[in-house]
Amino acid sequence: MRIAPAVVRDHDRDLAHRAASGDRGAQRELFLAQRAAVHHALYRILGGNRDLEDLLQDAFFEIFRALPSFRGDSTLSRWCQTIATRVAYLAISRRRPQPVDLALVEEIVPDDADTRRQVMMREAARRLYAALERIEAKQRVAFALAVIDGRSLAEVAELTESTVIAVKTRVWRARKDLMKRAAKDDVLSAYLAELGGGS
Amino acid sequence: MTEHERLGPPPVEPLSDVAWSRVERGLWSRLDAAPTVLMQRPRRWRWIRITAPALAAAAAAAVLTVGLRGGAPGGEAAPTRVVSGAAPTSVTVGDVHVTLDANTAVVMDPAASALLERGGAWFAVAPRGKRPPFVVAAGDLVVRVIGTRFRVARSGEEAAVEVDHGLVEVQFRDAKTRVGTGQRWTSRRPTEVTPPRVAEAVPAAPDAAPEPEIVIEPAPLPAAPPSVSPPAPAAPTPPVPPEPRLPADRKPAPKVDRDEAAFHRLEALERRAPATAIDGYLELSRRSSRWAEPALYAAARLAADREQPRARTLLEIYLQRFPSGANADDAHKLLGHLQGAY
(Lines give C-alpha, C1' and ligand atoms only; values in the text may rest on other atoms or scores of the structure.)
Protein backbone atom coordinates (compact mmCIF):
# COMPACT_ATOMS: atom_id res chain seq x y z
CA MET A 1 0.00 0.00 0.00
CA ARG A 2 1.40 3.35 -0.98
CA ILE A 3 1.48 5.73 1.96
CA ALA A 4 0.36 9.23 1.13
CA PRO A 5 2.60 12.15 2.13
CA ALA A 6 1.61 13.76 5.43
CA VAL A 7 0.45 16.99 3.86
CA VAL A 8 -1.78 15.14 1.41
CA ARG A 9 -3.11 12.92 4.17
CA ASP A 10 -4.02 15.92 6.29
CA HIS A 11 -5.72 17.68 3.43
CA ASP A 12 -7.59 14.55 2.41
CA ARG A 13 -8.66 13.77 5.95
CA ASP A 14 -9.84 17.31 6.51
CA LEU A 15 -11.81 17.34 3.27
CA ALA A 16 -13.29 13.93 3.99
CA HIS A 17 -14.30 14.98 7.47
CA ARG A 18 -15.98 18.16 6.29
CA ALA A 19 -17.76 16.35 3.48
CA ALA A 20 -18.90 13.58 5.82
CA SER A 21 -20.34 16.12 8.21
CA GLY A 22 -22.67 17.32 5.47
CA ASP A 23 -20.81 20.43 4.31
CA ARG A 24 -22.10 20.73 0.76
CA GLY A 25 -19.19 22.95 -0.24
CA ALA A 26 -16.73 20.28 0.86
CA GLN A 27 -18.77 17.60 -0.83
CA ARG A 28 -18.67 19.52 -4.08
CA GLU A 29 -14.93 20.12 -3.71
CA LEU A 30 -14.42 16.41 -3.21
CA PHE A 31 -16.67 15.56 -6.14
CA LEU A 32 -14.85 17.93 -8.49
CA ALA A 33 -11.44 16.79 -7.27
CA GLN A 34 -12.15 13.08 -7.62
CA ARG A 35 -14.50 12.85 -10.54
CA ALA A 36 -11.76 12.38 -13.11
CA ALA A 37 -10.12 9.55 -11.15
CA VAL A 38 -13.43 7.83 -10.51
CA HIS A 39 -14.49 8.23 -14.12
CA HIS A 40 -11.15 6.87 -15.31
CA ALA A 41 -11.45 3.71 -13.20
CA LEU A 42 -15.04 3.08 -14.28
CA TYR A 43 -14.30 3.78 -17.92
CA ARG A 44 -11.37 1.39 -18.01
CA ILE A 45 -13.39 -1.43 -16.52
CA LEU A 46 -16.58 -0.81 -18.48
CA GLY A 47 -14.90 0.21 -21.71
CA GLY A 48 -16.95 3.29 -22.58
CA ASN A 49 -19.21 6.05 -21.37
CA ARG A 50 -22.37 4.08 -22.00
CA ASP A 51 -24.23 3.46 -18.72
CA LEU A 52 -21.58 5.41 -16.90
CA GLU A 53 -23.70 8.26 -15.56
CA ASP A 54 -25.68 6.01 -13.23
CA LEU A 55 -22.54 4.24 -12.12
CA LEU A 56 -20.78 7.52 -11.43
CA GLN A 57 -23.71 8.51 -9.26
CA ASP A 58 -23.62 5.16 -7.51
CA ALA A 59 -19.87 5.41 -6.98
CA PHE A 60 -20.00 8.89 -5.49
CA PHE A 61 -22.99 8.00 -3.39
CA GLU A 62 -21.05 5.07 -1.97
CA ILE A 63 -18.01 7.29 -1.51
CA PHE A 64 -20.01 9.80 0.52
CA ARG A 65 -21.61 7.03 2.52
CA ALA A 66 -18.23 5.56 3.34
CA LEU A 67 -16.47 8.85 4.07
CA PRO A 68 -16.61 8.47 7.86
CA SER A 69 -14.41 5.41 7.48
CA PHE A 70 -11.70 7.22 5.53
CA ARG A 71 -8.57 7.14 7.67
CA GLY A 72 -6.04 8.59 5.28
CA ASP A 73 -3.97 5.43 4.92
CA SER A 74 -3.97 5.96 1.19
CA THR A 75 -4.76 9.06 -0.82
CA LEU A 76 -8.35 10.10 -1.15
CA SER A 77 -8.01 9.57 -4.89
CA ARG A 78 -6.92 5.95 -4.48
CA TRP A 79 -9.57 5.34 -1.88
CA CYS A 80 -12.29 6.74 -4.19
CA GLN A 81 -11.04 4.59 -7.04
CA THR A 82 -11.25 1.53 -4.82
CA ILE A 83 -14.92 2.24 -4.24
CA ALA A 84 -15.45 2.98 -7.94
CA THR A 85 -13.85 -0.36 -8.78
CA ARG A 86 -16.18 -2.09 -6.39
CA VAL A 87 -19.19 -0.36 -7.95
CA ALA A 88 -18.03 -1.35 -11.42
CA TYR A 89 -17.49 -4.92 -10.32
CA LEU A 90 -20.95 -5.15 -8.81
CA ALA A 91 -22.46 -3.66 -11.96
CA ILE A 92 -20.84 -6.09 -14.35
CA SER A 93 -21.35 -9.08 -12.11
CA ARG A 94 -25.07 -8.30 -11.95
CA ARG A 95 -25.79 -7.72 -15.60
CA ARG A 96 -25.95 -10.09 -18.47
CA PRO A 97 -23.34 -9.91 -21.20
CA GLN A 98 -24.05 -7.00 -23.47
CA PRO A 99 -24.64 -7.92 -27.08
CA VAL A 100 -21.98 -6.29 -29.21
CA ASP A 101 -22.59 -6.31 -32.92
CA LEU A 102 -19.19 -6.31 -34.50
CA ALA A 103 -20.66 -5.76 -37.94
CA LEU A 104 -21.95 -2.33 -37.02
CA VAL A 105 -18.72 -0.51 -37.73
CA GLU A 106 -17.62 -0.41 -41.31
CA GLU A 107 -14.09 -1.01 -42.31
CA ILE A 108 -12.89 2.52 -42.79
CA VAL A 109 -9.36 2.89 -43.97
CA PRO A 110 -8.64 6.59 -44.29
CA ASP A 111 -5.58 7.86 -46.06
CA ASP A 112 -4.36 9.81 -43.08
CA ALA A 113 -2.17 7.48 -41.00
CA ASP A 114 -3.08 9.05 -37.70
CA THR A 115 -6.80 8.82 -38.33
CA ARG A 116 -6.41 5.27 -39.55
CA ARG A 117 -4.58 4.37 -36.36
CA GLN A 118 -7.36 5.87 -34.26
CA VAL A 119 -10.03 3.99 -36.18
CA MET A 120 -8.10 0.75 -35.78
CA MET A 121 -7.59 1.36 -32.10
CA ARG A 122 -11.28 2.01 -31.55
CA GLU A 123 -12.17 -1.14 -33.41
CA ALA A 124 -9.60 -3.21 -31.54
CA ALA A 125 -10.76 -1.79 -28.20
CA ARG A 126 -14.35 -2.53 -29.09
CA ARG A 127 -13.51 -6.13 -29.86
CA LEU A 128 -11.49 -6.38 -26.68
CA TYR A 129 -14.33 -5.13 -24.48
CA ALA A 130 -16.79 -7.34 -26.36
CA ALA A 131 -14.62 -10.30 -25.45
CA LEU A 132 -14.28 -9.05 -21.88
CA GLU A 133 -18.07 -9.05 -21.58
CA ARG A 134 -17.89 -12.83 -21.71
CA ILE A 135 -15.39 -13.44 -18.99
CA GLU A 136 -15.83 -13.61 -15.26
CA ALA A 137 -16.28 -10.24 -13.53
CA LYS A 138 -13.28 -10.39 -11.21
CA GLN A 139 -11.02 -11.47 -14.03
CA ARG A 140 -12.34 -8.69 -16.21
CA VAL A 141 -11.72 -6.05 -13.55
CA ALA A 142 -8.20 -7.31 -12.89
CA PHE A 143 -7.38 -7.50 -16.60
CA ALA A 144 -8.79 -4.07 -17.37
CA LEU A 145 -6.86 -2.38 -14.59
CA ALA A 146 -3.61 -4.30 -14.94
CA VAL A 147 -3.32 -4.83 -18.69
CA ILE A 148 -5.41 -2.14 -20.37
CA ASP A 149 -4.77 0.58 -17.81
CA GLY A 150 -1.21 -0.54 -17.14
CA ARG A 151 -1.39 -0.47 -13.35
CA SER A 152 0.91 -2.61 -11.24
CA LEU A 153 -0.42 -5.82 -9.73
CA ALA A 154 0.06 -4.35 -6.27
CA GLU A 155 -2.03 -1.35 -7.19
CA VAL A 156 -4.75 -3.52 -8.70
CA ALA A 157 -4.71 -5.65 -5.57
CA GLU A 158 -5.28 -2.53 -3.49
CA LEU A 159 -8.07 -1.28 -5.74
CA THR A 160 -9.81 -4.63 -5.73
CA GLU A 161 -9.16 -5.22 -2.02
CA SER A 162 -7.46 -8.44 -2.91
CA THR A 163 -3.99 -9.97 -2.89
CA VAL A 164 -1.30 -9.69 -5.53
CA ILE A 165 -1.39 -13.44 -6.03
CA ALA A 166 -5.13 -13.42 -6.59
CA VAL A 167 -4.83 -10.55 -9.06
CA LYS A 168 -2.04 -12.26 -10.91
CA THR A 169 -4.12 -15.42 -11.20
CA ARG A 170 -7.14 -13.50 -12.44
CA VAL A 171 -5.13 -11.66 -15.06
CA TRP A 172 -3.59 -14.93 -16.21
CA ARG A 173 -6.97 -16.60 -16.48
CA ALA A 174 -8.48 -13.63 -18.26
CA ARG A 175 -5.59 -13.59 -20.72
CA LYS A 176 -5.99 -17.29 -21.40
CA ASP A 177 -9.72 -16.94 -21.92
CA LEU A 178 -9.31 -13.90 -24.16
CA MET A 179 -6.70 -15.59 -26.30
CA LYS A 180 -9.02 -18.50 -26.83
CA ARG A 181 -11.76 -16.12 -27.93
CA ALA A 182 -9.32 -14.23 -30.15
CA ALA A 183 -8.18 -17.35 -31.97
CA LYS A 184 -10.20 -16.44 -35.05
CA ASP A 185 -9.90 -12.70 -34.68
CA ASP A 186 -6.62 -11.35 -35.96
CA VAL A 187 -7.34 -7.80 -34.86
CA LEU A 188 -8.07 -8.78 -31.29
CA SER A 189 -5.25 -11.26 -31.19
CA ALA A 190 -2.73 -8.67 -32.33
CA TYR A 191 -4.12 -6.07 -29.94
CA LEU A 192 -3.90 -8.46 -27.02
CA ALA A 193 -0.32 -9.25 -27.89
CA GLU A 194 0.50 -5.56 -28.04
CA LEU A 195 -1.14 -4.80 -24.70
CA GLY A 196 0.71 -7.66 -23.12
CA GLY A 197 -2.44 -9.60 -22.66
CA GLY A 198 -1.65 -12.20 -25.23
CA SER A 199 1.81 -13.26 -24.38
CA MET B 1 -6.72 -4.03 -40.87
CA THR B 2 -4.40 -6.59 -42.19
CA GLU B 3 -1.17 -5.58 -40.56
CA HIS B 4 -1.01 -4.53 -36.96
CA GLU B 5 0.32 -1.16 -36.01
CA ARG B 6 1.11 -0.28 -32.44
CA LEU B 7 -2.13 1.19 -31.18
CA GLY B 8 -1.62 1.61 -27.46
CA PRO B 9 -4.38 1.45 -24.87
CA PRO B 10 -7.69 2.98 -25.86
CA PRO B 11 -8.08 6.57 -24.69
CA VAL B 12 -10.48 7.43 -21.90
CA GLU B 13 -13.08 9.60 -23.57
CA PRO B 14 -14.23 12.44 -21.35
CA LEU B 15 -17.79 12.81 -20.22
CA SER B 16 -19.60 15.90 -21.46
CA ASP B 17 -20.27 18.81 -19.11
CA VAL B 18 -23.98 18.20 -19.51
CA ALA B 19 -23.54 14.61 -18.41
CA TRP B 20 -21.44 15.68 -15.43
CA SER B 21 -24.16 18.15 -14.48
CA ARG B 22 -26.70 15.35 -14.55
CA VAL B 23 -24.48 13.16 -12.41
CA GLU B 24 -23.91 15.94 -9.91
CA ARG B 25 -27.56 16.92 -9.73
CA GLY B 26 -28.62 13.33 -9.23
CA LEU B 27 -25.98 12.80 -6.59
CA TRP B 28 -27.01 15.79 -4.48
CA SER B 29 -30.60 14.76 -4.85
CA ARG B 30 -29.82 11.30 -3.53
CA LEU B 31 -27.74 12.65 -0.69
CA ASP B 32 -30.48 15.10 0.27
CA ALA B 33 -33.02 12.33 0.25
CA ALA B 34 -30.95 10.10 2.49
CA PRO B 35 -29.14 12.41 4.88
CA THR B 36 -28.97 9.84 7.61
CA VAL B 37 -27.20 7.40 5.35
CA LEU B 38 -24.15 9.61 5.24
CA MET B 39 -23.20 9.34 8.85
CA GLN B 40 -24.02 5.73 9.47
CA ARG B 41 -21.28 3.48 10.77
CA PRO B 42 -18.86 2.47 8.07
CA ARG B 43 -19.26 -0.93 6.57
CA ARG B 44 -16.26 -3.01 5.73
CA TRP B 45 -16.55 -4.40 2.23
CA ARG B 46 -15.43 -7.93 1.63
CA TRP B 47 -14.41 -8.04 -1.96
CA ILE B 48 -13.38 -11.64 -1.92
CA ARG B 49 -16.70 -12.87 -0.72
CA ILE B 50 -18.76 -10.95 -3.22
CA THR B 51 -19.72 -13.52 -5.79
CA ALA B 52 -22.96 -13.81 -7.66
CA PRO B 53 -24.48 -16.43 -5.34
CA ALA B 54 -23.24 -14.49 -2.35
CA LEU B 55 -24.87 -11.37 -3.71
CA ALA B 56 -28.14 -13.18 -4.04
CA ALA B 57 -27.78 -14.54 -0.53
CA ALA B 58 -26.88 -11.12 0.77
CA ALA B 59 -29.94 -9.63 -0.88
CA ALA B 60 -32.09 -12.34 0.60
CA ALA B 61 -30.51 -11.77 3.99
CA ALA B 62 -31.12 -8.06 3.72
CA VAL B 63 -34.70 -8.72 2.81
CA LEU B 64 -35.07 -11.12 5.71
CA THR B 65 -33.45 -8.76 8.17
CA VAL B 66 -35.60 -5.87 7.13
CA GLY B 67 -38.67 -8.02 7.14
CA LEU B 68 -38.05 -9.19 10.68
CA ARG B 69 -37.39 -5.67 11.81
CA GLY B 70 -40.77 -4.85 10.44
CA GLY B 71 -42.27 -6.78 13.30
CA ALA B 72 -41.29 -4.01 15.65
CA PRO B 73 -42.80 -0.82 14.32
CA GLY B 74 -40.96 2.22 15.45
CA GLY B 75 -37.77 0.31 16.13
CA GLU B 76 -34.62 2.31 15.51
CA ALA B 77 -32.92 0.52 12.66
CA ALA B 78 -30.20 1.91 10.41
CA PRO B 79 -31.01 2.65 6.77
CA THR B 80 -30.85 -0.55 4.81
CA ARG B 81 -30.31 -1.06 1.12
CA VAL B 82 -32.59 -3.71 -0.31
CA VAL B 83 -31.81 -5.11 -3.73
CA SER B 84 -34.00 -7.50 -5.66
CA GLY B 85 -32.51 -9.96 -8.08
CA ALA B 86 -34.17 -11.53 -11.08
CA ALA B 87 -37.46 -11.94 -9.25
CA PRO B 88 -39.67 -9.42 -7.45
CA THR B 89 -39.46 -9.42 -3.69
CA SER B 90 -41.27 -7.90 -0.73
CA VAL B 91 -40.00 -6.35 2.47
CA THR B 92 -41.62 -4.75 5.48
CA VAL B 93 -39.86 -1.90 7.22
CA GLY B 94 -41.76 -0.59 10.20
CA ASP B 95 -45.28 -0.29 8.91
CA VAL B 96 -44.26 0.33 5.32
CA HIS B 97 -44.47 -2.62 3.00
CA VAL B 98 -42.49 -2.48 -0.21
CA THR B 99 -42.81 -4.78 -3.18
CA LEU B 100 -39.76 -4.42 -5.36
CA ASP B 101 -39.78 -5.25 -9.04
CA ALA B 102 -36.96 -7.40 -10.32
CA ASN B 103 -33.59 -5.63 -10.49
CA THR B 104 -34.64 -2.83 -8.20
CA ALA B 105 -32.66 -1.15 -5.45
CA VAL B 106 -34.22 0.81 -2.59
CA VAL B 107 -32.55 2.33 0.45
CA MET B 108 -35.08 2.15 3.27
CA ASP B 109 -34.80 4.44 6.25
CA PRO B 110 -37.29 3.15 8.80
CA ALA B 111 -37.68 6.66 10.18
CA ALA B 112 -39.64 8.08 7.28
CA SER B 113 -38.00 7.81 3.91
CA ALA B 114 -36.99 5.59 1.04
CA LEU B 115 -34.63 6.23 -1.81
CA LEU B 116 -35.39 4.46 -5.05
CA GLU B 117 -32.02 3.96 -6.69
CA ARG B 118 -33.30 2.11 -9.71
CA GLY B 119 -36.23 0.06 -10.93
CA GLY B 120 -39.74 0.28 -9.57
CA ALA B 121 -41.58 -0.54 -6.40
CA TRP B 122 -44.99 -0.43 -4.80
CA PHE B 123 -45.07 1.23 -1.40
CA ALA B 124 -47.93 0.54 0.97
CA VAL B 125 -47.84 3.04 3.81
CA ALA B 126 -50.03 2.77 6.87
CA PRO B 127 -51.77 5.96 8.02
CA ARG B 128 -49.10 8.21 9.49
CA GLY B 129 -51.26 9.91 12.12
CA LYS B 130 -49.19 12.66 13.71
CA ARG B 131 -45.94 11.33 12.35
CA PRO B 132 -44.20 13.17 9.51
CA PRO B 133 -45.13 12.12 5.97
CA PHE B 134 -43.31 9.19 4.50
CA VAL B 135 -41.04 10.37 1.69
CA VAL B 136 -39.84 8.46 -1.36
CA ALA B 137 -37.09 10.03 -3.47
CA ALA B 138 -36.13 8.94 -6.98
CA GLY B 139 -33.62 11.23 -8.65
CA ASP B 140 -35.22 14.65 -8.90
CA LEU B 141 -38.55 13.26 -7.82
CA VAL B 142 -39.82 13.44 -4.26
CA VAL B 143 -43.11 11.83 -3.22
CA ARG B 144 -44.66 12.66 0.15
CA VAL B 145 -47.38 10.48 1.51
CA ILE B 146 -49.66 10.45 4.52
CA GLY B 147 -51.03 6.93 4.18
CA THR B 148 -51.68 5.16 0.94
CA ARG B 149 -50.46 2.65 -1.55
CA PHE B 150 -48.56 3.87 -4.54
CA ARG B 151 -45.88 2.94 -6.98
CA VAL B 152 -42.71 4.77 -7.96
CA ALA B 153 -40.58 3.71 -10.92
CA ARG B 154 -37.50 5.22 -12.46
CA SER B 155 -35.35 4.62 -15.47
CA GLY B 156 -32.37 6.90 -15.58
CA GLU B 157 -33.78 10.38 -15.06
CA GLU B 158 -37.32 9.45 -15.99
CA ALA B 159 -39.73 8.64 -13.22
CA ALA B 160 -43.36 7.69 -12.82
CA VAL B 161 -45.79 7.58 -9.93
CA GLU B 162 -49.03 5.68 -9.72
CA VAL B 163 -51.45 5.77 -6.79
CA ASP B 164 -53.58 2.77 -5.98
CA HIS B 165 -55.48 4.55 -3.25
CA GLY B 166 -54.92 7.61 -1.12
CA LEU B 167 -53.23 10.87 -2.03
CA VAL B 168 -49.60 11.76 -2.50
CA GLU B 169 -47.76 14.95 -3.19
CA VAL B 170 -45.26 14.68 -6.03
CA GLN B 171 -42.43 17.17 -6.15
CA PHE B 172 -40.36 17.14 -9.31
CA ARG B 173 -37.61 19.72 -9.23
CA ASP B 174 -39.53 22.89 -8.31
CA ALA B 175 -43.01 21.79 -9.33
CA LYS B 176 -45.46 20.14 -6.96
CA THR B 177 -48.48 18.09 -8.02
CA ARG B 178 -51.00 16.01 -6.14
CA VAL B 179 -51.78 12.54 -7.40
CA GLY B 180 -54.87 10.80 -6.09
CA THR B 181 -56.47 7.39 -6.18
CA GLY B 182 -56.22 5.73 -9.57
CA GLN B 183 -54.14 8.52 -11.05
CA ARG B 184 -50.66 8.42 -12.43
CA TRP B 185 -47.93 10.94 -13.07
CA THR B 186 -44.82 10.86 -15.22
CA SER B 187 -41.80 13.13 -15.35
CA ARG B 188 -42.25 13.42 -19.09
CA ARG B 189 -45.36 15.53 -18.44
CA PRO B 190 -44.75 16.73 -14.90
CA THR B 191 -47.71 19.10 -14.80
CA GLU B 192 -50.27 16.52 -15.89
CA VAL B 193 -51.98 13.84 -13.86
CA THR B 194 -53.74 11.12 -15.78
CA PRO B 195 -55.74 8.05 -14.86
CA PRO B 196 -53.79 4.81 -15.09
CA ARG B 197 -53.73 2.65 -18.13
CA VAL B 198 -53.39 -1.07 -18.12
CA ALA B 199 -49.72 -1.06 -18.96
CA GLU B 200 -47.32 1.52 -20.16
CA ALA B 201 -43.61 1.42 -20.50
CA VAL B 202 -41.34 4.16 -19.27
CA PRO B 203 -38.80 4.48 -22.06
CA ALA B 204 -35.21 4.37 -21.08
CA ALA B 205 -33.26 7.56 -21.40
CA PRO B 206 -30.97 7.77 -24.42
CA ASP B 207 -27.86 5.76 -23.82
CA ALA B 208 -29.31 4.63 -20.55
CA ALA B 209 -28.14 1.56 -18.73
CA PRO B 210 -29.58 -1.70 -20.01
CA GLU B 211 -31.93 -1.80 -17.11
CA PRO B 212 -34.98 -3.96 -17.37
CA GLU B 213 -37.87 -2.18 -18.97
CA ILE B 214 -40.08 -0.68 -16.36
CA VAL B 215 -43.67 -1.60 -17.00
CA ILE B 216 -46.33 0.01 -14.92
CA GLU B 217 -48.83 -2.66 -14.11
CA PRO B 218 -51.52 -1.57 -11.72
CA ALA B 219 -51.95 -4.06 -8.94
CA PRO B 220 -55.03 -6.20 -9.32
CA LEU B 221 -57.78 -4.24 -7.66
CA PRO B 222 -59.82 -6.04 -5.08
CA ALA B 223 -63.19 -7.14 -6.30
CA ALA B 224 -65.94 -4.85 -5.11
CA PRO B 225 -67.46 -6.24 -1.93
CA PRO B 226 -71.08 -7.25 -2.23
CA SER B 227 -73.15 -4.18 -1.51
CA VAL B 228 -75.69 -6.05 0.55
CA SER B 229 -73.34 -8.04 2.71
CA PRO B 230 -72.07 -6.62 5.98
CA PRO B 231 -68.39 -5.81 6.56
CA ALA B 232 -65.93 -8.51 7.32
CA PRO B 233 -66.64 -10.79 10.20
CA ALA B 234 -65.05 -9.89 13.50
CA ALA B 235 -63.26 -13.21 13.62
CA PRO B 236 -61.93 -13.92 10.13
CA THR B 237 -61.73 -17.46 9.01
CA PRO B 238 -58.39 -19.24 9.26
CA PRO B 239 -56.39 -19.45 6.08
CA VAL B 240 -57.22 -22.12 3.59
CA PRO B 241 -54.16 -24.29 3.12
CA PRO B 242 -53.22 -25.20 -0.40
CA GLU B 243 -54.82 -28.25 -1.86
CA PRO B 244 -52.53 -31.25 -2.06
CA ARG B 245 -51.06 -31.58 -5.49
CA LEU B 246 -51.40 -34.67 -7.61
CA PRO B 247 -48.53 -37.06 -7.25
CA ALA B 248 -45.73 -35.97 -9.50
CA ASP B 249 -43.20 -38.11 -11.22
CA ARG B 250 -40.81 -37.54 -8.43
CA LYS B 251 -41.11 -36.89 -4.75
CA PRO B 252 -41.83 -33.33 -3.69
CA ALA B 253 -38.82 -31.32 -2.73
CA PRO B 254 -37.98 -31.60 0.96
CA LYS B 255 -38.20 -27.80 1.22
CA VAL B 256 -41.91 -27.92 0.49
CA ASP B 257 -42.38 -30.48 3.25
CA ARG B 258 -40.45 -28.31 5.60
CA ASP B 259 -42.62 -25.33 4.68
CA GLU B 260 -45.75 -27.33 5.36
CA ALA B 261 -44.42 -28.44 8.72
CA ALA B 262 -43.38 -24.88 9.51
CA PHE B 263 -46.86 -23.64 8.66
CA HIS B 264 -48.46 -26.09 11.04
CA ARG B 265 -45.99 -25.25 13.78
CA LEU B 266 -46.84 -21.59 13.37
CA GLU B 267 -50.53 -22.38 13.55
CA ALA B 268 -49.93 -24.06 16.88
CA LEU B 269 -47.91 -21.07 18.00
CA GLU B 270 -50.56 -18.46 17.20
CA ARG B 271 -52.29 -18.51 20.55
CA ARG B 272 -49.17 -18.66 22.72
CA ALA B 273 -46.90 -16.28 20.81
CA PRO B 274 -48.81 -14.41 18.12
CA ALA B 275 -45.99 -11.93 17.40
CA THR B 276 -43.55 -14.75 16.77
CA ALA B 277 -46.14 -16.50 14.65
CA ILE B 278 -46.61 -13.39 12.50
CA ASP B 279 -42.88 -13.09 11.97
CA GLY B 280 -42.70 -16.76 11.08
CA TYR B 281 -45.61 -16.51 8.68
CA LEU B 282 -44.00 -13.51 7.00
CA GLU B 283 -40.75 -15.36 6.61
CA LEU B 284 -42.60 -18.30 5.13
CA SER B 285 -44.51 -15.99 2.81
CA ARG B 286 -41.28 -14.78 1.24
CA ARG B 287 -40.47 -18.23 -0.04
CA SER B 288 -41.69 -19.60 -3.30
CA SER B 289 -43.51 -22.69 -2.08
CA ARG B 290 -47.27 -23.04 -2.20
CA TRP B 291 -47.36 -22.36 1.55
CA ALA B 292 -46.35 -18.77 0.94
CA GLU B 293 -49.93 -17.86 0.06
CA PRO B 294 -51.71 -19.11 3.21
CA ALA B 295 -48.79 -17.91 5.31
CA LEU B 296 -49.14 -14.35 4.07
CA TYR B 297 -52.86 -14.36 4.69
CA ALA B 298 -52.34 -15.88 8.13
CA ALA B 299 -49.88 -13.12 9.00
CA ALA B 300 -52.37 -10.49 7.85
CA ARG B 301 -55.24 -12.09 9.73
CA LEU B 302 -53.22 -12.38 12.90
CA ALA B 303 -52.05 -8.79 12.58
CA ALA B 304 -55.68 -7.74 12.16
CA ASP B 305 -56.64 -9.71 15.26
CA ARG B 306 -54.02 -7.79 17.16
CA GLU B 307 -55.21 -4.50 15.61
CA GLN B 308 -51.85 -3.83 14.06
CA PRO B 309 -51.84 -1.12 11.36
CA ARG B 310 -49.75 -3.29 9.09
CA ALA B 311 -52.65 -5.70 8.70
CA ARG B 312 -54.06 -3.57 5.87
CA THR B 313 -50.71 -3.42 4.18
CA LEU B 314 -50.26 -7.15 4.42
CA LEU B 315 -53.69 -7.79 3.00
CA GLU B 316 -53.01 -5.47 0.09
CA ILE B 317 -49.79 -7.25 -0.59
CA TYR B 318 -51.57 -10.56 -0.34
CA LEU B 319 -54.18 -9.49 -2.90
CA GLN B 320 -51.50 -8.17 -5.18
CA ARG B 321 -49.45 -11.35 -5.02
CA PHE B 322 -52.32 -13.81 -4.93
CA PRO B 323 -55.37 -12.18 -6.54
CA SER B 324 -56.95 -15.59 -7.06
CA GLY B 325 -55.52 -17.19 -3.94
CA ALA B 326 -57.49 -19.57 -1.80
CA ASN B 327 -57.92 -16.85 0.82
CA ALA B 328 -58.57 -13.97 -1.58
CA ASP B 329 -62.27 -13.66 -0.73
CA ASP B 330 -61.54 -13.54 2.97
CA ALA B 331 -58.75 -11.07 2.36
CA HIS B 332 -61.14 -8.78 0.49
CA LYS B 333 -63.66 -8.95 3.29
CA LEU B 334 -61.12 -8.39 6.00
CA LEU B 335 -59.56 -5.51 4.13
CA GLY B 336 -62.97 -3.92 3.64
CA HIS B 337 -63.60 -4.30 7.33
CA LEU B 338 -60.28 -2.71 8.23
CA GLN B 339 -60.72 0.12 5.76
CA GLY B 340 -64.00 0.89 7.42
CA ALA B 341 -62.26 0.92 10.76
CA TYR B 342 -59.67 3.54 9.84
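Me: Which residues of H5(B) are buried?

Reply: Happy to list them: Ala277(B), Ile278(B), Asp279(B), Gly280(B), Tyr281(B), Leu282(B), Leu284(B) and Ser285(B). A residue is buried if 20 or more other C-beta atoms lie within 10 Å of its own, exposed if 12 or fewer, and partly exposed in between, with C-beta atoms placed from the backbone. One caution: this is a predicted model, where local features need pLDDT of at least 70 and side-chain atom pairs count only at pLDDT 80 or more, while totals for chains, interfaces and linings use all residues. Residues are numbered from 1 along each chain as its sequence is written, and chains are lettered from A and ligands numbered from 1 in the order in which they are written.

Me: Why are H6(A) and H8(A) called roughly perpendicular?

Reply: Axes are lines fitted to C-alpha atoms, for helices over the stretch in contact, and angles run from 0 to 180 degrees between N-to-C directions. Under 35 degrees counts as roughly parallel, over 145 as roughly antiparallel, 65 to 115 as roughly perpendicular and the rest as oblique. The axes of H6(A) (residues 137-148) and H8(A) (residues 164-181) cross at roughly 95 degrees and come within 8 Å, so the pair is roughly perpendicular.
The contact (C-beta atoms, placed from the backbone, within 7 Å) includes Phe143(A) of H6(A) and Val171(A) of H8(A).

Me: What makes H6(A) mostly covered?

Reply: Twelve of its twelve residues are buried, among them Lys138(A), Arg140(A) and Phe143(A). The buried residues of H6(A) pack against H2, H4, H5, H7, H8 and H9 of chain A. Gly150(A), with a positive phi near 75 degrees, follows H6(A).

Me: How do you know that E10(B) and E11(B) pair?

Reply: Two strands pair if DSSP finds at least two bridges between them. E10(B) (residues 167-172) and E11(B) (residues 175-180) have six, in the antiparallel sense. Leu167(B) stands opposite Gly180(B). Two residues lie between the strands of this hairpin, where Arg173(B) has a positive phi near 55 degrees.

Me: How many helices and strands does chain B have?

Reply: Chain B has eight helices and 14 strands, and buried residues make up 38% of its 342 residues.

Methods:
Helices (H or I, at least four residues) and strands (E, at least two) are DSSP runs, numbered from the N terminus. Two residues are in contact if their C-beta atoms, placed from the backbone, lie within 7 Å.
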